[in-house]
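Visitor: I would like to go through this model and ask what stands behind each label.
Guide: Ask away.

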Amino acid sequence: MAPPPPRRVTIVDVARHAQVSTTAVSKVLRNAYGASPEMRAKVRRAIEELGYRPLAAARGLRGRTYTIGVMLPDIRNPFFPEILDGITGRLADTDYQVFLGPGCNGEKEEARVTEAMVDRGMDGLVLIAPVSSRERLEQVASAVPTVVVGRHGHSAVYDTVVDDDVAGAGLVVDHLTALGHRRIAHVEHHDTDPTRLVEMPNSQRADGYRRAMRERGLVDDVVSTSYTHRGGYEGARQLLARATRPTAIFAGADIVAMGVLEALAEAGLSVPGDLSLAGYDNTVFASLAPVSLTSVDQAGREIGDNAARLLLERIEDRGKASAQVKLSPTLVVRRSTAAPPAES
């Protein structure tokens, strides 16, 4: 006869082991007022020694599950882990655990992920560059505390954290024109939704690029593909097929620049000897010595840290006024940009 399965450690076991009441253990688990530092240490030690794990469902019934959902639009984009590092860093000394869900850059996929997170009683959500409508975002935020990252629109029911994408694009154009470039092209992410054209970072960067080019009396040159490796490749192919090709390309994201580099190498062109290239996000990829990509640093970890901070504040006070944080980008210059070839 098989032995019975081991019994799950309960809050009563923890209380007996720590020689305190179950009420005291409950206060420590909930971070509630009234538990002295000595009692907290004693209970934490008992929890560790016994290997106690509270049931998530039971914690949810008491008001919180201590889980936070993070929706990532594209797990292949090397910038999003930077934001995630900032979120987990802020939550490191709390009881909260982060659960990830892929939004796959689609409204239906985002709805499925966010609904699953809400249904599982998560205490808060961080939505990174969501493509859902404003109405949909506000429905989610009305159900659970929410912080939206990368959308420039303001809302009364959710907080936002963004980079100044217009200024960031201007930094790239400033740098390239100072090197002597006049034919500067931009690879943007194609979109047609009116709200996203105003709020999304890709449209803000494209607007910043156009504005900076006009201010210098230069003609803008934009190709619309997608913020993916494939999008960068296709965009570069389009630019190289023109009778007069640009001397510099501003890729709207580092992952786009990766595709541009592939197309240039395929065409037998060197960077920056034949054509300069700049990206956006300053990912780990950009700093690799063989790549050495000039890129806009929008402080991904700082974005994530602010998002987690705002979310914790909103979890504690659902009625607080919404907050908007806008961070100032900087340009990190590397070897992928130089003066244009003499014949240009």
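Guide: A definition to start: buried means under 20% relative accessible area. This is a predicted model. By that cut-off Phe79 is buried, and so is Phe80.

Visitor: What makes Phe79 and Phe80 an aromatic pair that is tilted?
Guide: Ring centres must lie within 6.5 Å, and planes under 30 degrees apart would be stacked, over 60 edge-to-face. Phe79 and Phe80 give 6.2 Å centre to centre and 55 degrees between the planes. The pair is therefore tilted.

Visitor: Why is the pair of Phe250 and Tyr280 called tilted?
Guide: Their centres are 6.4 Å apart and the planes stand at 35 degrees, so the pair is tilted. Phe250 lies in strand E8 and Tyr280 in strand E9, 30 residues apart, so the pair links distant parts of the chain. Phe250 is buried, and so is Tyr280.

Visitor: What sits over the ring of Tyr280?
Guide: The charged end of Arg205, 3.8 Å from the ring centre. The distance limit is 6 Å.

Visitor: Which order do the six strands of the open sheet take?
Guide: E7-E6-E8-E9-E10-E12, with mixed pairing.

Visitor: Why do strands E7 and E12 stand at the edges?
Guide: Each has a single partner strand, so one side of each is left without a neighbour in the sheet.

Visitor: How do you know that E6 and E7 pair?
Guide: Pairing needs at least two bridges. Five bridges join E6 to E7, and the two run parallel. His186 stands opposite Val222 in E7.

Visitor: Which strands does helix H12 touch?
Guide: Helix H12 packs on the sheet, touching E6, E8, E9 and E10. Its direction makes about 155 degrees with that of E9.

Technical notes
Residues are numbered from 1 along each chain as its sequence is written. This is a predicted model: local features need pLDDT of at least 70, side-chain atom pairs count only at pLDDT 80 or more; totals for chains, interfaces and linings use all residues. Side-chain values use heavy atoms; hydrogens and water are left out. Helices (H or I, at least four residues) and strands (E, at least two) are DSSP runs, numbered from the N terminus. Contact means heavy atoms within 4.5 Å. Axes are lines fitted to C-alpha atoms, for helices over the stretch in contact, and angles run from 0 to 180 degrees between N-to-C directions. Rings of Phe, Tyr and Trp (its six-membered ring) pair if their centres lie within 6.5 Å; planes under 30 degrees apart count as stacked, over 60 as edge-to-face and the rest as tilted. Buried means under 20% relative accessible area, exposed over 50%, partly exposed in between (1.4 Å probe, protein chains only). A charge sits over a ring if NZ of Lys or CZ of Arg is within 6 Å of the ring centre and within 35 degrees of the ring normal.
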